[in-house]
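This briefing is intended to be read alongside the sequence and the structure shown below. The points are grouped by topic.

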Amino acid sequence: MPYSASTNIFSDILPSDDVLSQCIHCGMCLSACPTYELTKLERSSPRGRIKMIRSVANAEIPVSNIFAEEMNFCLDCQACETACPAGVRYGKLVEAARVFVDETFRKNSLKVRIKRFLLRRILADKNNLKLVSRVLRIYQRSFIKNIFEIFGVLRIFSRHLSEISKLAPKISGFFSDEKISLFSFPDAEVKYKTAFHFGCVMNVAFAEVNLDTIEVLKAYACEVYTPSEQVCCGSLHAHNGDIDFAKKLAGKNIDAFKQEKFEYLISNSAGCGAFMKDYGYLLKDDAEYSERAEMFSAKVKDVTEFLYAKNPARKLMPVSVTAVYQDACHLVHSQKIKNEPRELLKSIPGLILKETEGADVCCGSAGIYNVSRIEDSLHFLKRKVENINKVKPSLVIISNPGCLSQIAFGTEKLDHKVEVMHLVSVLRGSLYNDFSQKWKSSI
Amino acid sequence: MTNALKEKIKNIVGPKNFFDSEEDRLCYSFDATPVYQQLPEAVVFPESEEQISQILRLANHELFNVVPRGAGTGLSGGAIPVENCVVIVMTKWNKILEIDNNNLTATVQPGVVTAVLQNEVEKIGLFYPPDPGSMNVCTIGGNVANNAGGLRGLKYGVTKNYVLGTEMILPNGDLLKTGGKNMKDTAGYNLRDFIVGSEGTLGIITKILLRLIPKPTESVTILAYFDKLTFSAKAVSNIIASHITPSMMEFLDNTTINCVEDFTHIGLPRNSEAILLIEVDGRGSIVFEDSEIIKNILKKNNASFVKTEADLTEALKLKSARRSAFSALARRRPTTILEDATVPRSELPVMIEKVTEAGRKFNVTFGNFGHAGDGNLHPTCLTDERDKNEMERAHKAFDFIFNEAIKLGGTITGEHGTGLAKKQFLEKVTGIPGLEMMKKIKSVIDENNILNPGKIFSLSPRCEGTLPHNIRQFIPGK
């Protein structure tokens, strides 16, 4: 127990008592919290965690292992924010606490250093990420992987390593930034000037989804501006205790997207969209960026939010499929976008959209949670997949890369035959009538 | 508490059910009641009646205190730890043991969440009406211990109207069974009803038998806006006097409307002084006839806008918005002290006036809302516990409100229980004989005063020898 707040240099990291005392510990968050549901312990609940953060901030208790454990056990899914009538911004509190934990334990934790290295040097650096992705792609497509799997080579090192290798998103055959030009134009007259953030993981592992997004935007009469200088949004850094680096990335993005060139900045990744909408808050004390950050954030729209408010310039062609939509936490809880994706899907003729229990409950992907806390993550995933399986859809539709690979992994692991697709790919299929042959409507 | 004693407790429940880290003690040092806080010595999750019984026997032997706890959403401090205590948490006892469609009963463990039970019984056309604001989180055990009410109390009554039987471990470790599936039962004292509302001071409830009723088939939700508080209060009195009993009749004042709207964004009128949310339910066309009569009364009472919400999802949104009122008020100030003074329904307009007066007189802000139909208001003081001066004024304001409520023939708490928060006012409602009887009962059942002591009332310290006295006082015989 090395530090307590009053005696160390990090005490300004934690929110002030004014912010912390907004929580009136009424307990309305308990039923929404996946980790409380699992342990039934107050310390794994939002109000318990806030109580602990407040006590650490007031130097009543030291930063202990239990404190660190509970801050990291939290999925940061922010379901509690949706449930909280008092409007406590819990995500901000727990993220600040994680910074505090990392700063406190950093000197003696290899894990923190490895995590930081991966986030800073790989994820945030487009070229390094592509390099690693190329290696991963070769591995994923090679027979070495099959041999490894057959003989359980990875399992020898660690059971987790073998699971993680399966969890890793399948690297795309190409990287989307190399195929998207600076400006894409619709066939029809330009109605909206949009910009597109292609993301980090999206770019290497969901390149097709990025291309689909461009196509869909074009079908909605959008000009799409995609500057190649853009970088990772920084959300994973902020959520994992590295706010400083997140601020740097935010600055780079604000510089990369020339504001006069677009009215809306479109994101097809819920986590990135939510975080970029917060740049204004993140950089509020930054003399150089605060004003531009505010303007930047005001333009950010999730792709479903943007499309829902507009009309397509092309006709939606009928399909024949029974589907379910699963909310991404960073869409439904952080951005409060719940109806828009559902309504968009319902507008596709022939698509039967069913609701499942717990559609807005976290699948356990939660940024890098499924890698850093695989056991816990699998518990949440199992419940998610079971709920999906109850309504027997042939298609699961999601609007975020993390959830996409997590749920695809889960349905495969639990042997439920179902396809998992990003919402924009489904839309593209209907707009351009090239939806998977088996689901094409015969109408 | 010594480590040796903690070891003994740990041996009873097993290491995985025993928690005494600083963090765990901190997280169980409070419930939903503002201001009160006390660290317990340990927190345990017993797995069987036998384990609870052993802990209570040990408590009598070693003289430590035991505080039972459900979800910790209580508003009178019933689950707040007391000194030298172990908290017994019952949330893992969350099984619905039986739903008996022939007798219309449900047997549940105390940790079942109220809304979970409601959803289960509604699947087969049955209905469990008590619906406290925290029903998505709170447990049946806590509801029984506090005789919880809710929005539907107006027509359907409160928890006590649905408890048919209980099983409870007494402070001496014995198992007490009361009631049963009989609709009539006059054997001996009515211990069952006596347990309901005992706030964990007489025993730890381990099983509950509940009465269910058929689910109403029709319901109409009506929303009315008012430009003046008095208009809305008058409308409530007139509806009651018209001999129609809606299933709920909820009142929200302007402050509450705005806080709830900030949270829900469902389009509540931010400029109205008050709204009434009314639901009529039942079977057949009479529901619709009644709702028409109510709409007419509302219009006659100067409602600026009246609408019927036919869409069930929209009606549900309105009701859950109302349920969020207490917590939503925290958007204004960090400490929300919510009370539930209750008056005879005819006195509601006077009581609403008195709350406004209290705010003015003591210079504190109130958000007011509540179950207008049964005279149960929730005047909520919006304050900051860190401001000592303001807190003092808030307490004076509540003192005033309680006294006024009692003058009107009301009570200090309608549905939240006495706990710690209201025990200083209890005597004003019960009178001395009433309070003395309660104390005597407590001291007989819990000889060593180990179970949730100091809740509802404090037992007077037992003095031996001559009492200390003031030297200026007249002393008989001298």
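Leaving aside neighbours within four places in sequence, L210(B) is in contact with T105(B), A106(B), V108(B), Y128(B), Y162(B), V163(B) and L164(B). These contacts belong to a predicted model, which scores ipTM 0.92 and pTM 0.88.

**Nonpolar core**
- The largest nonpolar core has 258 residues, and L210(B) is one of those that touch the most other members.

**Domains of chain B**
- Chain B is divided into domain 1 (3-89), domain 2 (96-214), domain 3 (216-321) and domain 4 (333-423).
- Taken over C-alpha atoms, the centres of domain 1 of chain B and domain 3 of chain B are separated by 43 Å.

**Contact between the chains**
- Chain B contributes 29 residues to the contact, and chain A contributes 23 residues.
- On the side of chain B that touches chain A, α2 (22-27), α9 (254-264) and α12 (325-328) of chain B each supply at least two residues.
- The most is given by α2(B), with five residues.
- By class, this side of chain B comprises 14 nonpolar, nine polar and six charged residues.

**Confidence**
- Chain B has a mean pLDDT of 93, and 96% of its residues reach 70 or more.
- Residues 462-478 of chain B have pLDDT below 50, and this stretch has one contact in the model beyond near neighbours in sequence.
- Where pLDDT is low, the predicted coordinates should not be read in detail.

Technical notes
Residues numbered from 1 in each chain as written. Chains lettered and ligands numbered in written order. Predicted model: local features only at pLDDT ≥ 70, side-chain atom pairs only at ≥ 80, totals over all residues. Contact = placed C-beta atoms within 7 Å. Helix = DSSP H or I, 4+ residues; strand = E, 2+ residues; numbered from the N terminus. Nonpolar A, V, L, I, M, F, W, Y, C, P; charged D, E, K, R; others polar. Domains from an automatic or database assignment. Core = buried A, V, L, I, M, F, W, Y, C linked by C-beta atoms within 7 Å. Buried ≥ 20, exposed ≤ 12 C-beta atoms within 10 Å, placed from the backbone. pLDDT = per-residue confidence, 0-100.
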